[in-house]
Amino acid sequence: MSVQSEMPAIKPVKKKLDLQRPLDELVELYAEIPARQFRYCPGCGLGMAQSAIMRAFHRAGVDITKVATAGGSGCYSVMGHYFKSNHIHGSHGRGCAYAMGMKLARPELTVVTLQGDGDLLAIGGNHFIHAARRNIDITVICFNNYNFGDTGGQFAPTTPLGSKTDTSTLGMPEPAFDACKLAIGAGASFVARSTVAHPAHLTKMIADAIEWKGFAFVEVMQHCHVLWGRRNGMPEAMDMMRFYKDNSVLNTSSVPEDERFDIPIYSEDEKNVKFVLGVLNKEQKPEYTEEYAKLRAKAMAKVTGKAKS
Amino acid sequence: MTKRLLLGNDAFCEGLIAGGVRFYAGYPITPATEIAEAMSRRMPEVGGTYVQMEDELGSMGAIMGASATGVKSATASAGPGMALMQNELGQSIVAEIPLVVINVQRAGPGIGNATRSGQMEVMQSRYGSNGEVPAVVLSPSSVEEAFWLTVKAVNFSEMLRTVVIVLGEGMLGLQRAVVDLPDYDDIKLAERPRPSVQPDEFLGNYNANALSDVPPIADFGAGYKSILSSVGISRRGGGDISVLGLSEDDQDFTIRRLHQKILDRKNEITLFEQLMTEDAEIVYIAFGTQALSAIGAMHEARAKGIKAGVLRLITVWPFPEDIVRTCCAKARAVVVPEMNLGQVRLLVGSALANTGIKIVGVNRVDSITITPAQILEKTKEVLS
Amino acid sequence: MRTEIRFAGVGSQGMVSCSVILAEALGIVKDYQVVQTQEYAASISGGSAQGDVAFSDQKIIVPWVLHPDVLVAMAQDAVKQHAAAMRPGSCVIVDDIMVNDVSSFQKGVTIHWAPMTKLADDVGFRKCANIVSLGVFARLTGLLTLDEITRAVRARAPGRAETNLKALRLGYEVNLGTVAA
């Protein structure tokens, strides 16, 4: 069954950052504004991340009715409701599994998962690494806020060693995951990192990920000043923005010459590097839905061949 | 019609295909593995997709995603795999995503006894998930029925926008019988209700006004804003996304509607076989493979002059209490043979409460089938 | 009339396959009503394994084989396990290498010793002893002609066609030593 879309026609704007386009216009095209308020805490990084995703949809030129997003539980879990896209808001950690099904069943959809760090790397880690291994054409966006925010700030697999959370009041005893390294190790063909303190760069990373043919992973460093920040000496949103700004360096290999971002360039001698931003991995590999389509064509040809003989 | 010597698990697989399933996600587990094996060959042949996921949670997630795009989807598992699936089962029932899940029951708790058979998941099928979710569970007795009932399961899941569990058993899944398969094009298929309004008038996938409503669901990518969720959605659709979670009123309506939409269609989905119950003094109530031993016992009992009858439950959930009462109108006693410690007996007991009918079970949990002789022995014991 | 047959041995001897081929022969080639069931231990090789076939000219209600009319036993353990199920008047085909003690069968059970493993060795492939047993079975019971059982073997065990058909023929043509228990 196909129903003609009554949505306003979207003119894709290619290869221009287009940050000047009025926000209202983009909101009209891509977003769904809640009647009373957004569910994010005041100053939360998720709002900025959401804005970057919206701009990235525009930059990548997607038809929002052909976008399917998936997510589970966490602070971010309302975000799927705030877009005009289709969305599964399911149980904790299954975003990549839903995305696998959506993309395999309808490869023409643009499939994006919106997941938190606990959601993606703790309970949903298995689905994440296996989706990456298959190199299926989905975009996984991980909002890394260093803790389980929705439940009140317990440590997550990403919580930095020694930092304080509700369940590590004496300091986090476990080493943290580097989500990007995990993704690269699992076989993700596109891996990038950015922070909400670098909105233009973040938008570009997400747009590139959406346009990428294959499994794309973007780690969005997104502050939670209310829980993690407060317990670790950064109680205001601005403290954490400064923290991101001060500790970020750019992986130069990913920056085209015509796009400059106000981020220091990474050098190997850098001692205090916390976040290397930019595209950290990019390799061409066979894409899973295309490979499966070939297998299917072969199987179907075999059956019709048999029926004829 | 093509006559084939068909494996029970292949019958499930063919039933899914005949029912229109074109997406299957699976994870190997004895004794359901043959379904995944067959689907890995058959799905691409019929233009569908087979994906082998990293675990049973992943299988459920993938079929939920696929069904959201409008493609009929299914998975199969057993024992501990079914236990893992409970989370997503509840989620897809409350998000009203149509799915079929085949449970080829194995024996025992925990990892159980993989190659052995049992009937131990009657209650899990209904009460295994958190929250108050309803269940539609169909249980075939023979290979041929496995095929037809799986087709029906797909139809019911679409009609009701819910998950339908086909409760198979190891000894059925690994049984072969000669079956006449029909031409699949001749089978009548049901489709989920889809929106008839334009996208800007669409009020979401949960736009219900009455408890019996099965609201339309929009396929992902069909032009609608389609959200599948159990929170942030009001009963009249759309919902207030300022708050995540339902108001008391909406929660009450949603949970009651999930049950009522099924109960209001109970006549359509309650399947059973009733044999010689009209004058039966003793009624055997059984489901799945063990119902066949009950039928065998009935014939032997009748030959001995005992007025026995059989009620074979095909739809196990929603449990057909009224049918049980009708079939036992003349009964002095009921024998419930089952390969567990009395799960259906408990349900029969509640259906026949205050009737004075004596209810006894013949129970085995050693994975060996209950024989007609054992049922007969119990019959003599109860009637004496 | 309902007849029950059981093939029993240890895992990897192909006992389940035997029952499937026989079910194919009786159900598809001969048009009987047939149900085939199986039982095996979790280990892939070496555990007990059995394949059962019940067939009849009428609808089969109870699918299980409880008291086989014919038992094909390819291992001593199988004899031990299934002897009690055999009733007077039934018959057993035992492998003369793999089985040595048949004292556990009750009186009235006819025992046929057949060199199934030996013939399979003659063909050069011990694993096709199960196919030999099908040949022995077909001839002994008179249920199937060599051609009929051959068709089922071709349909269900298409690999190693030459070896299998040779094994089947050897089984079909063997002279049996028969003892009454």
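Two strands pair if DSSP finds at least two bridges between them. Helices (H or I, at least four residues) and strands (E, at least two) are DSSP runs, numbered from the N terminus. This is a predicted model, in which local features need pLDDT of at least 70, side-chain atom pairs count only at pLDDT 80 or more, and totals for chains, interfaces and linings use all residues. Residues are numbered from 1 along each chain as its sequence is written, while chains are lettered from A and ligands numbered from 1 in the order in which they are written.

**The sheet of chain B**

Chain B holds an open sheet of five strands in the order S11-S13-S12-S15-S16, with mixed pairing. Strand S11 (272–275) and strand S16 (358–363) of chain B are at the edges; each has a single partner strand, so one side of each lacks a neighbour in the sheet. On average, neighbouring strands of this sheet are turned by 20° against each other, direction ignored. Axes here are lines fitted to C-alpha atoms, for helices over the stretch in contact, and angles run from 0 to 180 degrees between N-to-C directions.

S11(B) pairs with strand S13 (residues 308–313) of chain B in the antiparallel sense, over four bridges. In S13(B), Val310(B) is the residue opposite Leu275(B).

Helix H10 of chain B packs on the sheet. H10(B) touches S11, strand S12 (282–287), S13 and strand S15 (333–338) of chain B. The direction of H10(B) makes about 165° with that of S13(B). Helix H13 (residues 372–383) of chain B lies across S12, S13, S15 and S16 of chain B, and runs at about 155° to S15(B). Contact between two residues means that their C-beta atoms, placed from the backbone, lie within 7 Å.

**A helix pair**

Two packed helices are described by the angle between their axes and the distance between the axes. Helix H1 (residues 8–18) and helix H2 (residues 33–45) of chain B pack at about 45°, with axes 8 Å apart. H1(B) and H2(B) are therefore oblique to each other. Angles under 35 degrees count as roughly parallel, over 145 as roughly antiparallel, 65 to 115 as roughly perpendicular and the rest as oblique.

The crossing of H1(B) with H2(B) is right-handed; that is, the near helix is turned clockwise from the far one by less than a right angle. On the H1(B) side, the contact residues include Phe12(B), Cys13(B) and Ile17(B). H2(B) meets them with residues including Ile35(B), Ala38(B) and Met39(B). By class, the contact has six nonpolar, one polar and three charged residues. Ala, Val, Leu, Ile, Met, Phe, Trp, Tyr, Cys and Pro count as nonpolar, Asp, Glu, Lys and Arg as charged, and the others, Gly among them, as polar.

**Two domains in chain B**

Chain B has domain 1 (2–186) and domain 2 (273–383), with bounds from an automatic or database domain assignment. Their centres, taken over C-alpha atoms, are 27 Å apart. The contact joins 22 residues of domain 1 of chain B to 20 residues of domain 2 of chain B. H5(B) gives the most to the domain 1 side, with four residues. That side has 12 nonpolar, seven polar and three charged residues.

**Contacts between chains**

Which of the two pairs of chains in contact share the most contacts? Chains A and B do.

Strand S2 (residues 86–89) of chain A and S10(B) run parallel, joined by three bridges. His89(A) stands opposite Ser229(B) there.

S9(B) and strand S2 (residues 33–40) of chain C pair in the antiparallel sense over two bridges. Ala177(B) has Val35(C) as its bridge partner.

Chains A and C do not touch; their nearest C-alpha atoms are 16 Å apart.
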